Amino acid sequence: MPLRYHIVTFGCQMNVHDSEKMAGMLEAMGYSPAPDAESADILLFNTCSVRENPERRLFGQVGVLARRKAQNPRLIIGIGGCMMQQPGEVEKVKNELPWVDLVFGTHNLHRLPELIRRVQAGERPVIEVWQDSPEIVENIPVHRQSSLSAFVDIIYGCNKFCTYCIVPFTRGREKSRRPEEILAEVREFAARGGREVTLLGQNVNAYGKDLPGGQWDFGRLLLAVNDVEGLYRVRFTTSHPADVQESMITAMRDGEKICEHLHLPVQSGSDRVLRRMGRRYTADQYRALVERFREAIPDLTLTTDIIVGFPGETEEDFAATLRLVEDVRYDAAYTFIYSPRTGTAATRLRDHVPEPVKKERIYRLIQVVERIAQEKNDALVGSRQEVLVEGPSQHDPAMLAGRTRGNKLVHFPGPAQWAGNLKTVQIREAHAHTLYGDVVSHA
Ligand code: SAH
Ligand code: SF4
Ligand code: F3S
């Protein structure tokens with residue numbers, strides 16, 4: 001029986017994709033995927049530290065493994081990812097979770113096979129976390145979750161240091177991948193029948209700033225990916241408002257495969273809060289930017305991230321956020337309660353907003369966000385949308401699921417063989433997070 005692996009992933013798409021690399025490396029070592037965590041011979045946790053919740057869940061989930069490890073000493077338990085880059089966390093794992101065999105970070109992911117071999121050779125625990133990586137390691141094997149849609153890294157790290165955010169500490173400084181490497185990966189994926197790529201980075205539109213020659217920016221990269229033969233769709237996430245250049249907007253307008261969806265985190269609608277967050281724009285500058293995108297791309301789907309209860313946020317500041325949401329009218333917004341992260345500048349600010357006030361504000365915000373999302377989806381009823389068929393719906397296997405170019409999830413009847421095809425779907429019914437429709441003809 002071959003050895004089997006299972007990976008538990010917390011956090012953002014970057015982590016999801018890093019887990020695909022871990023899976024690729026494990027398979028190159030001869031492991032095969034386990035049907036569930038219980039039957040795995042190696043269990044890896046890819047952690048996130050962006051808020052307190054995922055951290056707590058990690059300690060809970062690895063905590064209960066003590067018994068299983070005692071019953072089966074050959075089980076390998078490993079923890080990697082963003083949390084392990086945080087000062088003190090490795091010590092905490094050593095003290096509180098002594099049954100963990102392996103600890104690694106975000107910068108030495110490629111070293112996983114070597115570290116696992118050391119555990120297999122009897123060295124326990126094996127702990128290796130790098131503070132930064134001198135260069136980008138290419139050609140790590142990848143086991144993708146989907147053969148239709150792929151995550152492709154274009155830039156690692158972040159230089160923005162928003163005062164609440166841990167990411168620049170866990171992922172290091174911005175490092176753009178060479179365009180040749182990105183395009184080679186996209187071409188190979190398309191040549192094997194891949195239809196859609198999502199270009200990934202904490203700040204994708206900072207792409208190219210650090211490359212020698214100054215010839216590449218995000219807009220140019222988008223158009224180059226747009227030209228890859230066989231591909232149907234190009235997506236990307238996440239963009240920072242302060243790094244938007246005209247070339248990005250025109251690429252979205254002109255590149256026929258570049259989907260009309262922009263995730264543009266605003267975080268707050270109050271200038272005072274935005275300044276204290278270190279976001280580098282005002283609410284009105286953000287509104288004007290959205291206008292520019294909408295002029296160029298009229299049917300743009302716009303989504304965002306918002307934090308409530310940042311230190312010092314007054315009722316007036318919060319009202320400004322509600323106003324901005326009403327003005328901009330997002331298709332969807334991810335809302336978060338501010339969570340202090342050790343080592344970030346915002347922990348030194350005074351005036352922490354009391355927990356019940358944060359909860360009450362996020363509740364009010366979600367009401368507004370959901371109402372607008374429903375209204376925007378209602379407006380699509382009767383329209384025809386190009387949908388990339390993903391396969392049977394997870395909620396209702398009798399239905400197919402797919403996404404519009406604007407990244408809206410659509411359910412519709414049809415045969416499973418349609419997976420991977422583009423279909424034209426007429427929208428019949430709208431919910432705040434899902435659309436229902438019927439295929440009208442082949443696109
Ligand atoms: N690079 C992306 C995403 C960063 S993390 C960006 O710049 O937008 C995803 C979201 O988590 C952020 O947009 C922010 O809304 C939220 N977030 C980050 N740190 C947080 C914190 N300390 N407390 C609450 N939410 C946070
Ligand atoms: Fe964090 Fe700001 Fe960088 Fe996004 S841009 S990853 S919120 S520091
Ligand atoms: Fe979390 Fe790291 Fe992503 S902190 S949000 S997994 S970059």
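The model is predicted, so local features need pLDDT of at least 70 and side-chain atom pairs count only at pLDDT 80 or more, while totals for chains, interfaces and linings use all residues. Residues are numbered from 1 along each chain as its sequence is written, chains are lettered from A and ligands numbered from 1 in the order in which they are written, and side-chain values use heavy atoms, leaving out hydrogens and water.

**Exercise 1.** Find where Glu256 sits, and decide whether Glu256 is buried or exposed.

Solution. Start with the loop between helix 9 (246–254) and strand 12 (261–263): this is the place of Glu256. Helices (H or I, at least four residues) and strands (E, at least two) are DSSP runs, numbered from the N terminus. Next, take the relative accessible area of Glu256, which is 54%. Buried means under 20%, exposed over 50%, and partly exposed in between (1.4 Å probe, protein chains only), so Glu256 is exposed. Finally, look for contacts (heavy atoms within 4.5 Å): not counting residues up to four places away in sequence, Glu256 touches Asn226 and Arg405.

**Exercise 2.** Describe the lining of the second largest pocket.

Solution. First, the term: on a 1 Å grid over the protein atoms alone, a pocket is an open set of points where a 1.4 Å probe fits, with protein on both sides within 12 Å along at least five of seven lines, and lining residues have an atom within 4 Å of a point. The volume here, the space filled by probe spheres set on the points, is about 490 Å³. Of its 20 lining residues, Ile140, Val142, Arg144, Glu185 and Glu188 are the closest to the centre. Helix 7 gives the most, with five residues. By type, the lining has seven nonpolar, four polar and nine charged residues. Ala, Val, Leu, Ile, Met, Phe, Trp, Tyr, Cys and Pro count as nonpolar, Asp, Glu, Lys and Arg as charged, and the others, Gly among them, as polar.

**Exercise 3.** Sort the residues of the shell around ligand 3 by type.

Solution. List the residues with a heavy atom within 4 Å: Gly11, Cys12, Asn15, Cys48, Ser49, Val50, Cys82, Arg171 and Gln202. They divide into four nonpolar, four polar and one charged.

**Exercise 4.** Work out how strand 15 pairs with strand 16.

Solution. Two strands pair if DSSP finds at least two bridges between them. Five bridges join strand 15 to strand 16 (residues 399–404), and the two run antiparallel. Val387 stands opposite Thr404 in strand 16. Six residues lie between the strands, which form a hairpin.
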